[in-house]
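Student: I would like to learn how to read the features of a protein model. Could you take me through one slowly?

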Amino acid sequence: MQNSRIVLIGHGNVGTALVRLLSEIDPKGRRFVFSGIATRKLGIIELGNVPAPEVDSAIHRVLAERRTRDLKQTDPKEIIHWLETWEYDVLVEVTDSNYTDAEPALSYLKTALRRGKDAVTANKAPIAIALKDLRTIAARTGARIRFESTVMDGTPLFSLFTESMPPVRIRRMRGILNSTSNIVLDFLNQNRSLKEGLAKAKSLGLTESDPMLDLNGFDAAAKLTIIANAINDADIKMSQVMTQPLTEQNFAAVRSLSASKGRDTIIRQVAVADFDKNFYRVSLEALKQDDPLYSCNGSSNMIAFSLDLFTELIIASRNPTLRDTAFGIYSDLMHLQHTVKR
Ligand SMILES: NC(=O)c1ccc[n+]([C@@H]2O[C@H](COP(=O)([O-])OP(=O)(O)OC[C@H]3O[C@@H](n4cnc5c(N)ncnc54)[C@H](OP(=O)(O)O)[C@@H]3O)[C@@H](O)[C@H]2O)c1
């Protein structure tokens, strides 16, 4: 079996976690080697097909050889041009989520797919905003795009639906999809501050580069959109998902309403979709003890699905870490390697 040459765009929390995971499980590069890496600050680094354990030293060597220390950020156009010409088999795209237009990540992915190169991403924005376009390009060139880590990290959510269940339709779903908000809510539920909770989530590498994307419900709304479009083959836009920001004021309002009804509840950020009613929302809910989502604490994620051909399916991941996100990318890479390209 020939190894696959990876080009990695983005070398932050998730990118470094992937290199670390592959260093552990594929130290000799029998399955995967790194052909190159690019980020805004590092620029473009051509590595020459090194196995994962050699990535860091190869980066340092290339940087040391650069005569000038260029502090300006790399123009995405340069990276796109490089992706059009450089040799690789699969693009792994793990840059920041931009919910305005998903750029430049969307262009990175399109460039690889147009060349017939496979692509794997953990970045929600291009999948939430442009999955249809990306699939159209991939269908034209025979390339494949996978995005398991965009929702619930490494949990096999999309592969479960697409590979293990014959076509089913989600009728309704309720889920806890954003780890940062869930950790913040653990703190607020224990009468501690939002700031402390956010600091905890940051220390675990779980927050978005702009943590407001977690707290204002955008991250969960993007995940809901991806699930709808990828599994139900719907065409919903992120703007159709109503979002309620997680603030100390909103938390206090939901808690006092629940207390006034004499209920023993816990407050969580819940993403709800009702496909029969075309209704999508991310908001704070007071959950009673008999709610399946009640026990979902810490960075855990959980979704309860009601399907047309299956009564109720509950999927959970308990306190996922960056290693689990990296595992999701690895499982996508393995899938691409094991299956035949058209
Ligand atoms: N962290 C998690 O737990 C998690 C879980 C699932 C999915 N995700 C998704 O995975 C992606 C990466 O997350 P992360 O936590 O690794 O973020 P991060 O630590 O902020 O790293 C982002 C990386 O992307 C690079 N980058 C940003 N803009 C770029 C551009 N225009 N061109 C090239 N490189 C660019 C950054 O480079 P510079 O440092 O040089 O600017 C950095 O290396 C995000 O889309 C996130 O939503 C994250």
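**Reading the model**

Tutor: Lys117 lies over the face of Tyr88, at 5.5 Å from the ring centre; a charge sits over a ring if NZ of Lys or CZ of Arg is within 6 Å of the ring centre and within 35 degrees of the ring normal. This is a predicted model, in which local features need pLDDT of at least 70 and side-chain atom pairs count only at pLDDT 80 or more, while totals for chains, interfaces and linings use all residues. Residues are numbered from 1 along each chain as its sequence is written, and side-chain values use heavy atoms, with hydrogens and water left out.

Student: How many aromatic pairs does a search of the whole structure find, and how is such a pair described?

Tutor: An aromatic pair is described by the distance between the ring centres and the angle between the planes. Rings of Phe, Tyr and Trp (its six-membered ring) pair if their centres lie within 6.5 Å, and planes under 30 degrees apart count as stacked, over 60 as edge-to-face and the rest as tilted. The search of the whole structure finds seven aromatic pairs. Trp82 and Trp86 have ring centres 6.0 Å apart and planes at 25°, so this pair is stacked. The pair of Phe275 and Tyr280 is edge-to-face, with 5.6 Å from centre to centre and 70° between the planes.

Student: Is Trp82 buried or exposed?

Tutor: Buried means under 20% relative accessible area, exposed over 50%, and partly exposed in between (1.4 Å probe, protein chains only). Trp82 counts as buried because its relative accessibility is 4%, whereas Trp86, at 22%, counts as partly exposed. Tyr280 is buried too, with a relative accessible area of 3%.

Student: In what order do the six strands of the open sheet lie?

Tutor: Strands of a sheet pair through backbone hydrogen bonds, either parallel or antiparallel. Strands (E, at least two residues) and helices (H or I, at least four) are DSSP runs, numbered from the N terminus, and two strands pair if DSSP finds at least two bridges between them. Here the order is 8-10-9-7-11-12, with mixed pairing, and the edge strands, strand 8 (242-243) and strand 12 (312-317), each pair on one side only. Strand 11 (residues 301-307) pairs with strand 12 in the antiparallel sense over six bridges, and Ala304 has Ile314 in strand 12 as its bridge partner.

Student: Which helix holds Asn229?

Tutor: Asn229 belongs to helix 10 (residues 218-231), and Asn229 is buried, with a relative accessible area of 7%.
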